[in-house]
Amino acid sequence: RASLERLTDSVAAARGPAEAAPVIDGVTQAGTPRDVVSPSDARTVVGTVAEASPEIAAAAIQAARKGAVAWGRVPAEQRAAALERAADAMEASTGRLIHLLQAEAGKTLDDAVAELREAVDFCRYYAAQGRKLFGAPQELPGPTGESNRLSLRSRGVFVAISPWNFPLAIFVGQVAAALMAGNAVVAKPAEQTPLVAAEAVRLMHRAGIAPGALHIVPGDGAVGAALVAHRDVAGVVFTGSTEVARHINRALAAKDGPIVPLIAETGGINAMLVDATALPEQVADDVVTSAFRSAGQRCSALRLLLVQEDVADKVIGMVAGAAQELRLGDPRDPATHVGPVIDAEARARLDRHGAALRRAATTHYAGEVPGEGHFVAPQIYEIAGPEALTEEVFGPILHVARYKAADLDRVLDRIEASGYGLTLGVHSRIDATVERVVARLSTGNVYVNRNMIGAVVGVQPFGGHGLSGTGPKAGGPHYLTRFATEQTVTINTAAAGGDAALIAMEG
Ligand code: UN1
C-alpha cells in the first residue's frame, strides 16, 4: 500500500505538458502541430506533437546513413552499456513515463507498470544478448591449415514503426534491438502515442545513444510510407496490423536496390481451448485477464474461447460472472481494471461489431459504459463455431463457441487453417490432450492452464508466423540476428609465410 501510494504520488508529480517533434541528429525540427488528447475523457490535452513531413522523413534517413557508419564502429560492449544506462534512466523516470502511458494511451496503472518493466527488460536483455553475439567472432572448426570465423555485422539504417498499444515497450524494444546490432534507427511512433516515445528518445540520447544513431519522426502513414520507400533503408521492423505489414512488404519489394528484411509482428485470432477436465474458477480468471485486460488491445489477447459442450454452460456462466466484476473507468484510479480504447475510430469500429453480434449471436454479457471518453464495455457473445470468426477484433469483445470432444481435431485444424498463429491457450488436466493440441498447432506462443498475455522478455520469447508475423521472436535469443548480416572469413593459414604470417596477423 505504501509503495502504491509512493508510485501514484510520483506519477501525479510528473504531470505537466508534454511535447514531441521530429529529432534528427539530436536537433528538434519544425512540424505540423497537433494536440494529443486523452482517450479517457476525449477532452484533456496531454501535450502537442509536431508531425513530420515526408521530406523530414527523408532527411532523417540521410542523417541516419552517416550515423550508421559511426555507430556501427562503436564496440558492441559500449553499445550494450549505453542500452543499460538507458534502462536505468527509464527506471529513474518511472513517474513521468507512467503518467504519459496513462494520459496518452489510457493504460491502467497495472498495465503501465508492466509496460515500463518490459521496456527496461528489452534494453537489458538485448544488451546481454548483444555482448555474446556481437563481441568476439565465433571460431568454427574446420580442416587444418584453415581458420574460419563467423561474425555478425550491422546492416545500416533501420526503420522502426511501432504501435499505440505498447507505445513504450514495443517502441523501445524495436529501437534497442536495432541499435544493439549496430544500426542507426529512424523511429516512427504510432500517430496516437508520440509523447511517451519522444520521452524515451530523450532518455536514450542522455544515456549515451549517439544522436546520429537514433532519430525520431512522429507522423502519419504518409511518413511511414516515405521511410519504407527510401532507397537507403537496410531493414524495417514493424508491429501493427497484418494489412499494414503487407503494404510494407509490397513497398520493399517494389524498390530498386538491395533486398532488405522486414521483421513484422502482427495480429491474431487467438483461441483458448477448455476441455471438461479444466478447473472452471481458474478458467474464468484466465479468460477475463486474457480477453479484457488492456481493454483487449493486445495482439496476444484472447478472441475465441472454445469450450467443450459438457462444461460450456458452467464455464461461460463463470466467465460472464467474472467479467461483471471488472471496473471500467479512469485508468489513473488504481482500482480500475479496464480503461478506454485508444480513439473514437476504434470505439466506433468495436461498437459496430458488438451491435452486429447482438443481432446475430447469443449475448452472454455486455457491460455498461462509463462517462465520456472512448470506452467500450467487455462483451461476450456466443457464435456458431470457430469458422464464424474471420477477422481480428481488437478490443474487449470475446467470442465463445462450444465443441464436442469427438470434434477436437477438426476444431484444431480450423484454428490452424485461419492462417494466424500468435497465441493459444489450453485448459486441460490431461497431459495427452495438451500434447495433442500442441502437436497439431504451430501457434507461436502456447499457454497451458494459465492466462495467455504478458509474455516476459527472455522467458517467453514472443511472436508468431503466417498472418501473425515473420519472426524471429521479440525478447528471444534469435531476435538480434535478423537485424544483422553475417560474415564468414576463411583464411588459408598454410599459405606462404605459414605460421609466422599467421602470428603476425593475429599479433
Ligand atoms: C502486442 O500486443 O502488440 O504478451 C504484442 C503480451 C505482449 C504482447 C505484445 N508482450 O501480451
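Predicted model: local features only at pLDDT ≥ 70, side-chain atom pairs only at ≥ 80, totals over all residues.
**Entry 1: the core**

I started with the largest nonpolar core, which has 159 residues. I looked up which members touch the most others: Leu83, Cys123, Leu168, Val185 and Leu306. Helix H5, residues 109-134, supplies the largest share of this core, with 12 residues. I noted the general background too: in soluble globular proteins, nonpolar side chains tend to be buried together.

Next I took Leu168 and listed its contacts, leaving out residues up to four places away in sequence. Leu168 touches Leu97, Leu101, Glu115, Leu116, Ala119, Val196 and Ala200.

**Entry 2: helix H3**

I checked the length of H3, residues 76-92. At 1.5 Å a residue, its 17 residues should span 24 Å. The end C-alpha atoms are 24 Å apart, so expectation and model agree.

Which residues of H3 are buried? I found Ala76, Arg79, Ala80, Ala82, Leu83, Ala86, Ala87 and Met90. Seen down the helix axis, these buried residues fall within an arc of 160°, so they line one face of H3. Gln78 and Ala92, on the other side of H3, are exposed. I then asked what covers the buried residues of H3. The cover includes helix H4 (94-105), H5, helix H6 (169-180) and helix H7 (194-206).

**Entry 3: two helix pairs**

Two packed helices are described by the angle between their axes and the distance between the axes. I looked up both values for two pairs.

For H5 and H6, the axes come within 8 Å and cross at roughly 10°. Angles under 35 degrees count as roughly parallel, so H5 and H6 are roughly parallel to each other. On the H5 side, the contact is made by Glu115, Glu118, Ala119, Phe122, Cys123, Tyr126, Ala127 and Gly130. On the H6 side, I listed Ala169, Val172, Gly173, Ala176, Ala177 and Met180. Glu115 and Ala119 also turned up among the contacts of Leu168.

The second pair is helix H1 (residues 2-13) and H4. Their axes come within 7 Å and cross at roughly 75°. H1 and H4 are therefore roughly perpendicular to each other. Ser10, Val11 and Ala13 of H1 meet Thr94, Gly95, Ile98 and His99 of H4.

**Entry 4: the loop between S19 and S20**

I moved on to Asn451, in the loop between strand S19 (445-448) and strand S20 (484-492). Is Asn451 buried or exposed? Asn451 has 20 other C-beta atoms within 10 Å, so it is buried. Asn451 touches Asp286, Thr289 and Ser290, not counting residues up to four places away in sequence. I also checked Leu302: it is 149 residues from Asn451 in sequence, yet the C-alpha atoms are 8.9 Å apart.

Pro472 is in the loop between S19 and S20 as well. A cis peptide bond joins Gly471 and Pro472, with omega about -10°.

**Entry 5: positive phi**

Most residues other than glycine have a negative phi, and most peptide bonds are trans. I looked up two exceptions in phi.

Asp25 has a positive phi of about 50°. Asp25 sits in the loop between strand S2 (23-24) and strand S3 (27-28). I count Asp25 as partly exposed because it has 17 C-beta neighbours inside 10 Å.

Ser294 has a positive phi of about 60°. Its place is in the loop between helix H10 (280-292) and strand S14 (304-308). With 26 C-beta neighbours inside 10 Å, Ser294 counts as buried.

How values were computed:
Residues numbered from 1 in each chain as written. Core = buried A, V, L, I, M, F, W, Y, C linked by C-beta atoms within 7 Å. Buried ≥ 20, exposed ≤ 12 C-beta atoms within 10 Å, placed from the backbone. Helix = DSSP H or I, 4+ residues; strand = E, 2+ residues; numbered from the N terminus. Contact = placed C-beta atoms within 7 Å. Expected span 1.5 Å × (residues − 1). Arc of directions from axis to C-beta. Axes fitted to C-alpha atoms, helices over the stretch in contact; angles between N-to-C directions. Parallel < 35°, antiparallel > 145°, perpendicular 65-115°, else oblique.
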